[in-house]
Amino acid sequence: MTWQQNIRASIDIKRWNKLESLLQKWIDDSIKTDELINNYYLPLYFYLFEQKKSSAQKTFVIGINAPQGSGKTTLTSHLVNMFEKEGVNAISLSIDDFYLARNDQIRLAESNLNVNVLHQRGYPGTHDIQLGEDILSTLKYPGNKTSIAIPRYDKSRHQGQGDRIEEHKWPNINLPVDVVLLEGWMLGFQAIKDLNYPQMKIVNSYLEEYKKWHQYLDCFLYIYPEDPEFVINWRCEAEDRMKAEGLPGMSDIEVKQYAEKFIPAYKLYGPELFRTPPIDEPCLKI
């Protein structure tokens, strides 16, 4: 049996059917299929629900690594909705919301003129590690705090170059929460020793700092592409959807050039992540 079949066999059929009916209403008709719902969204949800149920952690933090343009935001949105329907207070975060503010990103680029992957948001080194750690720490161990403002990043600003939204506009989340879903294209990537790739050496060194985020993870999902080159088309489609909503974005050529810069990272760090996830268990690879 597949892991999906094992999960389905263990879940009450009425409970499964109830959430399946809700997903049929929630999912856009352009992508909705029985396979997507019954072999992906529902098994994943019930897997995560059981991991949370068996954990002693009051706030359970789930890390999700999935490629750019593969539907991470949509997936986490549906997972949050399903948790909420079953009485579990859940929120989703993206590591994108921890990107450096635009002025800091410009300074990073200017100080690394020969490292073109640091001239734009995305790669290790372009996130505010301390901001991310502060948010994750407060969510997992709120103490006496009753709310927290969650940072947000707007990729459409500066003609698609992006910038962090002003702090007074950040949404407030009531504390405590039961489940935190943290997603990112490079979440869990770890530095490679003795890396012989000049353009990536400084990026590789930045990855050490991201371990500060990994310490908060209680569960990890690695949703990997069969071929890293798929990411280029997925990222172009995601940009097209953003522009179709009336938001400014990069041109087709710009977004393709942007996406192509990430392929070396997928090829370098993807196999390492498969062999050595940031936590041992529970970990699911799809």
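In which sense do strand β1 and β7 pair, and over how many bridges? Strand β1, residues 60-65, pairs with β7 in the parallel sense, over six bridges. Keep in mind as you read on that this is a predicted model.

**The sheet**

Within this pair, Asn65 sits opposite Gly184 of β7. Both strands belong to an open sheet of five strands, and if you step across it you meet them in the order β2-β7-β1-β8-β9. The pairing in this sheet is parallel. At the edges you'll find β2 (90-94) and β9, and each of them has a single partner strand, so one side of each has no neighbour in the sheet. Going from one strand to the next, the twist averages 15 degrees.

**Helices lying across the sheet**

Now look for the helices that lie on these strands. Helix α3, which covers residues 34-53, lies across β1, β7, β8 (219-222) and β9. Its direction makes an angle of about 160 degrees with β8. Helix α6, made of residues 129-140, lies across β1, β2 and β7. In its case the angle is given against β2, and comes to about 170 degrees.

**Two helices packed together**

Next, find helix α10 (residues 230-244) and helix α11 (residues 252-260). They pack with their axes 9 Å apart, at an angle of about 140 degrees. An angle over 145 degrees would count as roughly antiparallel, so α10 and α11 are classed as oblique to each other. The crossing of α10 past α11 is right-handed. On the α10 side, the contact is made by Ile232, Arg235, Cys236, Glu239, Asp240 and Lys243. The α11 side brings in Asp252, Val255, Lys256, Tyr258, Ala259 and Glu260. Sort the contact by class and you get seven charged residues, five nonpolar ones and no polar ones.

While you're at α10, have a look at Asn233, which is also in this helix. Is Asn233 buried or exposed? Its relative accessibility is 52%, so Asn233 counts as exposed. Leu23 is 210 residues away from Asn233 along the chain, and their C-alpha atoms are separated by 26 Å.

A few spots in the backbone deserve a look of their own. Most peptide bonds are trans, and most residues other than glycine have a negative phi. Here are the places to check against that background:

| Where | Feature | Value |
|---|---|---|
| Leu175 and Pro176 | cis peptide bond | omega about 0 degrees |
| Glu281 and Pro282 | cis peptide bond | omega about -10 degrees |
| His158 | positive phi, not a glycine | phi about 55 degrees |
| Asp194 | positive phi, not a glycine | phi near 55 degrees |

Where do these residues sit? Pro176 is in the loop that runs between β6 (172-174) and β7 (179-184). Pro282 is in a loop too, between α12 (263-275) and β9 (283-285). His158 belongs to helix α7, residues 157-160, while Asp194 lies in the loop between β7 and α8 (201-206).

Technical notes
Residues are numbered from 1 along each chain as its sequence is written. This is a predicted model: local features need pLDDT of at least 70, side-chain atom pairs count only at pLDDT 80 or more; totals for chains, interfaces and linings use all residues. Side-chain values use heavy atoms; hydrogens and water are left out. Helices (H or I, at least four residues) and strands (E, at least two) are DSSP runs, numbered from the N terminus. Axes are lines fitted to C-alpha atoms, for helices over the stretch in contact, and angles run from 0 to 180 degrees between N-to-C directions. Angles under 35 degrees count as roughly parallel, over 145 as roughly antiparallel, 65 to 115 as roughly perpendicular and the rest as oblique. A crossing is left-handed if the near helix is turned anticlockwise from the far one by less than a right angle, and right-handed if clockwise. Contact means heavy atoms within 4.5 Å. Ala, Val, Leu, Ile, Met, Phe, Trp, Tyr, Cys and Pro count as nonpolar, Asp, Glu, Lys and Arg as charged, and the others, Gly among them, as polar. Two strands pair if DSSP finds at least two bridges between them. Buried means under 20% relative accessible area, exposed over 50%, partly exposed in between (1.4 Å probe, protein chains only).
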